[in-house]
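Here is a quick tour of one protein model, going from its pocket to its core and its aromatic rings. Have the structure open as you read.

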Amino acid sequence: MAKAIRWIVGLLVVAAFAGAGVYGTRYLTGTQSEPAAKQERSATRIAVSTPQRRNLEDRYSAVGTVLPLRSIELRPLAAGRVVSAPVSSGDQLSEGDLVFELDSRAARAELANAEASFEEARQELERFEELEDRNISSEARIETVRAAYRRAEAALQLRRANLDDRRLLAPFDGVVGAYDLDPGEYIDPATVVSTLQDLSAVEAEFALPERYFARARKGQTVRLSARPYPDRRFTGEVDFVSPTIAEGSRSFDVRVRVDNDDRALASGMFVDAELVFETYEGLTVPDDAVISEGSATYVFTVEDGRARRTDIALGQSSDGQSEIVDGLNEEAQVVVTGWDNLSDGAPVEIVGEAALDEVLD
C-alpha cells in the first residue's frame with residue numbers, strides 16, 4: 001500500500017513539472033514572439049529619388065604646370081659698362097622700352113668713321129659713273145669703285161648695328177623678373193641680366209596616358225583650377241598635342257592656351273585640368289544613393305513597399321551625381337537616405353524628399 005502511494009505521489013510530481021515546463025515554454029515563446037512580430041511589421045522610413053537625364057561629359061583630369069606664352073633671358077649683345085638701367089624687378093614693359101644701355105662712345109666714333117668712308121666711296125662712285133657715261137673711264141675701273149662703295153656701305157651697316165647693340169630694348173610686352181643691374185657695372189653676352197615673360201596669355205602643360213592619343217585634338221575645351229583661387233575656374237582650348245609618346249611614361253604632352261589678362265596665373269603654378277572629350281546625355285542618381293561593397297556596386301530601389309537590392313554599373317561622376325550605365329530605368333524609385341538600415345526585402349515607408357531632414361535625424 002505504501003509503495004502504491006509513493007508511486008502515485010511521484011507520478012503527480014512529474015506531471016506537475018511537465019505542466020510547468022509546457023506553461024513556461026509557452027510564456028517565454030509568447031513574450032518573445034510578440035516584439036518580433038511587431039518589429040517585422042515596422043517599416044524603415046526612407047527618402048527616394050528617380051533617376052534624371054543630364055548632360056554629361058566624357059573627360060580626363062590631370063595636373064598641369066603653367067608656362068608663359070613667351071619667355072626670354074635678357075642678355076647684352078655686346079660687352080661694356082652699364083650707363084643706364086631704368087628698369088626694376090617686376091616692371092611691366094611695353095615693346096621697345098629701354099632695359100639697359102652700355103657705354104657707346106667707342107661705337108659712335110667707329111660709326112662716324114664708317115659714315116665718312118661711305119660718303120667718300122659714294123662720291124667716288126658718282127664721279128666714275130659720270131665718266132662712264134662719256135666713255136672716258138674703263139669698265140674695270142668702274143667695277144673697282146663700285147666694289148669699294150659696297151664695302152663702305154657694309155661697314156657702315158655693321159657700325160650702326162654695333163651701336164644699336166649697346167642698347168637692349170624689350171622685344172615684346174612683358175613682365176621683368178628679378179633685375180639687379182647698376183650703372184657702372186661691366187657685363188658681357190654671357191651675363192643674364194633678367195627675364196622677360198609675356199603673361200597676357202599662358203599655356204598649361206600636362207600629360208595624358210597613351211590610350212587617349214587618338215582622342216586628344218586641338219580646339220578641345222579644358223577647365224582649370226588653381227589652389228590660390230579655390231572659387232574660380234579658368235577655361236582654355238588645346239593648342240598643341242605632342243606627336244610623340246614618351247617611352248618611359250607611355251604618355252604624351254598637351255598644351256592649353258588660357259587668357260590671363262589680369263595676370264592671375266603665374267609661371268610655374270600648378271593647376272588641375274579637366275580635358276573634355278565630348279558631351280552627351282546620361283541617366284544619373286545622387287551619389288548618396290550609391291553603395292559600394294568590395295567589387296559590388298548597388299542601390300536600393302522600392303517595389304511594392306519593400307526594398308530591393310539592385311546592382312548597377314557606374315560611369316562618370318560630377319556635381320554630386322553618378323552616371324548609371326546599366327541597372328536602372330527612369331521610373332525606378334531609388335533610396336537616397338535611410339538605406340543604411342535596409343536589407344533586401346525589408347518593408348519601407350517613403351517619406352519623400354520634403355521630410356529629408358527628419359529621416360536624417
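## The pocket

Sorted by class, the residues lining the largest pocket are one nonpolar, three polar and six charged. (Ala, Val, Leu, Ile, Met, Phe, Trp, Tyr, Cys and Pro count as nonpolar, Asp, Glu, Lys and Arg as charged, and the others, Gly among them, as polar.) The lining is made up of Arg54, Asn55, Leu56, Glu57, Arg59, Arg223, Glu274, Ser318, Asp319 and Gln321. Strand β2 (residues 52-74) gives the largest share of that lining, with five residues. The volume of this pocket is about 200 Å³.

A word on terms and ground rules. On a 1 Å grid over the protein atoms alone, a pocket is an open set of points where a 1.4 Å probe fits, with protein on both sides within 12 Å along at least five of seven lines, and lining residues have an atom within 4 Å of a point. Points are joined across faces, edges and corners, and the volume is the space filled by probe spheres set on them. Strands (E, at least two residues) and helices (H or I, at least four) are DSSP runs, numbered from the N terminus. This is a predicted model, so to speak of local features takes pLDDT of at least 70 and side-chain atom pairs count only at pLDDT 80 or more, while totals for chains, interfaces and linings use all residues. Residues are numbered from 1 along each chain as its sequence is written, and side-chain values use heavy atoms, with hydrogens and water left out.

## The nonpolar core

The largest nonpolar core has 25 residues, and Phe206, Leu208, Val222, Leu224 and Leu265 have the most contacts inside it. (Such a core is a set of buried Ala, Val, Leu, Ile, Met, Phe, Trp, Tyr and Cys residues joined through side-chain atoms within 4.5 Å; buried means under 20% relative accessible area, exposed over 50%, and partly exposed in between, with a 1.4 Å probe and protein chains only.) At least two residues of this core come from each of β2, β9, β10, β11 (229-241), β12 (251-259) and β13. The largest share, five residues, is supplied by β9.

## Aromatic pairs

How many aromatic pairs does the structure hold? There are six. (Rings of Phe, Tyr and Trp, the last by its six-membered ring, pair if their centres lie within 6.5 Å; planes under 30 degrees apart are stacked, over 60 edge-to-face, and the rest tilted.) Tyr212 and Phe277 are stacked, because their ring centres are 5.2 Å apart and their planes at 10°. Tyr212 sits in the loop between β9 (194-209) and β10 (221-226) and Phe277 in strand β13 (residues 270-286), so this pair ties together parts 65 residues apart in sequence. Both are buried: Tyr212 at 14% relative accessibility and Phe277 at 7%.

Tyr229 and Phe234 make an edge-to-face pair, with centres 6.0 Å apart and planes at 75°. Here Tyr229 is partly exposed at 26%, whereas Phe234 is buried at 5%.

## Around the rings

Tyr60, Tyr212 and Phe277 are linked into a cluster by ring pairs. Arg215 lies over the face of Phe277, 4.6 Å from the ring centre. (The rule: NZ of Lys or CZ of Arg within 6 Å of the ring centre and within 35 degrees of the ring normal.) Likewise, Arg309 lies over the face of Tyr298, at 3.8 Å.

Leu275, in strand β13, is buried at 0%. Leu275 and Tyr60 are 215 residues apart in sequence, yet 5.3 Å apart in space, C-alpha to C-alpha.
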